[in-house]
Structure formats: C-alpha cells, structure tokens
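Student: I have a model open and would like to learn how to read a few of its features. Could you take me through them?

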Amino acid sequence: MLSHVRIWRFTLRTQGELSLPGFVGPMVRGVIGRAMFEQLGPEAATAIFEPHAGAPCFRVDTPLHPQRVLPRSKRWHLRLITFNPDIEDAVLNAFAAACATGFRDNRVPQEISDVATLSHGGQWAPVIDAALPPSIELRADELFNAGAVTIRLASPARIKRGKELVRFPELQDVLVATAHRVRELQLDASGLGRFDDRSAELPGTMTRWHHPRHSQAQDRDYSLDGVVGGFAAALNRQQARWIALAEILGVGAKTAYGMGVIRAAPVGGFAG
C-alpha cells in the first residue's frame, strides 16, 4: 500500500549561523514552495504544490524541538515524505534549490551532506539501496509486542471529532484521523484490519501550541495552531498497524506544513 511513499532524511550542514524555530515545518514548506514557483512557473507549480483536489505531494516530518541557534558548519537533520513518484523529482529539486538559496530571512545556505531513505526493514539506507517502501507489518510487530506504547503528537495536530476540533485527542481520534489520511491519499488499507475495539488507555497530557506566521506570497498573517502531547495505550494488532501507518502519513489538517507528526515508542522510550 506504500509503494509510492518514500521517507527521506536529509543531513544538512549550515553555511552560516542559523536560527531555527522550534517548529520548522512551515519554514521548510515555504522555501520549497518559493523555489518550485521560481523553477516551474506559477501555473505548473500551483498544480503540484497546491492541488485543488487531492492530497499534498509531500509533507515535512520533523517534530518540535526547542528553538536553537546553529553555529556555522553544524549538521542537522530534516525529514520529508513524498507521496507521488511522478512529481517527486520536482519536490526534491525545489528542496535542493532552496538549500542553495538559504533559509530564514537572512538566507543562510544549507549544504546537503547526506541523503537516506527509510528501507523496508525500517533502517536508514542510501537512496540506491532502498527500493522497497517501509514495512507496516514489521513496525506494527514492534508496537504490539511492546505491551504498552506512548503515542506522541510530536508537532501541532489539528484533529477533528465530527466537525469539532479535539482539544484532548485519544487513541480512537488518532486512528480515525489516520483513516481519513488513507482516503485522502487514495491508499488501499484493506489489509490493515479494523480498529474498532477499544484498548486500555491512560490519560495523556496535551498542550495547545500557537504558531503565528506571515505569508510573503499572500502578504497576510495567519496561525498554525494545534495540540501537542501524548498518551499511553496497549494496542491490539490492528491498532498497531494503524499507528505504524500514522507515523508515516501524519494526521489531521495541514500535514504539508509539518503538522500532525506522530511518534510511538514503548512506554518510557522517549527521552526527556
């Protein structure tokens, strides 16, 4: 079902002092979009970057981090996930051009020092060696066999229950949001099984995250806000498959901006 999905990890080396926001997704989407419009022109770029119908062609998959200033030559990692092989090259070429032009208002260039993709076995591998997509079953086995896992909304998530935004998402909310993403991306999830059965779940801790942003292209201010936090749950086999998929697809609205990043680990497995 993930034959068209590729998970990329870029190792970047900043060519000057770089002030990174805690939420890098909007910044990365912005520089890719600007480069794509310059390379392809408005009409072609809009058709790829902002489709009127259908899913985004890529998403930023980087969790929140404390705001930091990277000194010159410091290496840092960035993850992108692409969903359409027909326009994958356009996304990657735009990202390379954006790195050369530079990030942030002072346009600090970024050298791409390494590129890897997530392999079938869940290991980072050179691009040429990663012909098969990551295995949902292998990852689901890890989560199921852990007994209890912490499911973390690692970047601001906007998840709805019906028509209302959920302030304190639960396991079922994340599972349903993943199913929505599957439909949006037109994936075949028939082999994953149903996730209707409830499982043991502990109360979680959620925090509202507000990220003001200014669009230079549209010359307007707007906000990307959502909830971050996590909860613990004992997953059955079907739920483990869906959470493994959520880690790849993201959940909720505006995943192209880096929102809705999901991470799961055995209870106690997250640092900090």
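Student: Where is Ile262 found?

Tutor: Ile262 belongs to strand β13, residues 262-266. Strands (E, at least two residues) and helices (H or I, at least four) are DSSP runs numbered from the N terminus. Keep in mind that this is a predicted model, where local features need pLDDT of at least 70 and side-chain atom pairs count only at pLDDT 80 or more, while totals for chains, interfaces and linings use all residues. Residues are numbered from 1 along each chain as its sequence is written, and side-chain values use heavy atoms, with hydrogens and water left out.

Student: Is Ile262 buried or exposed?

Tutor: Buried means under 20% relative accessible area, exposed over 50% and partly exposed in between, with a 1.4 Å probe and protein chains only. Ile262 counts as buried because its relative accessibility is 0%.

Student: Which residues is Ile262 in contact with, leaving aside neighbours within four places in sequence?

Tutor: A contact means heavy atoms within 4.5 Å. For Ile262 the partners are Ile151, Arg152, Leu153, Val174, Ala246, Glu247 and Val251. Take Val174: 88 residues separate it from Ile262 along the chain, yet their C-alpha atoms are 9.1 Å apart.

Student: Val174 is in α5, I see. How do I describe two packed helices?

Tutor: Use the angle between their axes and the distance between the axes. Axes are lines fitted to C-alpha atoms, for helices over the stretch in contact, and angles run from 0 to 180 degrees between N-to-C directions. Here α5 (residues 171-184) and α6 (residues 237-249) have axes that come within 9 Å and cross at roughly 60°. The two are therefore oblique; angles under 35 degrees count as roughly parallel, over 145 as roughly antiparallel, 65 to 115 as roughly perpendicular and the rest as oblique. Among the residues that meet are Val174 and Leu175 in α5, with Trp242 and Ala246 in α6.

Student: How many aromatic pairs does the structure hold?

Tutor: Three. Rings of Phe, Tyr and Trp (its six-membered ring) pair if their centres lie within 6.5 Å; planes under 30 degrees apart are stacked, over 60 edge-to-face and the rest tilted. Trp8 and Phe10 are stacked, at 6.4 Å centre to centre and 15° between planes. Phe10 and Phe95 have centres 4.5 Å apart and planes at 50°, so that pair is tilted. Phe10 lies in strand β1 (residues 6-14) and Phe95 in helix α3 (residues 88-101), so the pair ties together parts 85 residues apart in sequence. Trp8, Phe10 and Phe95 form one aromatic cluster.
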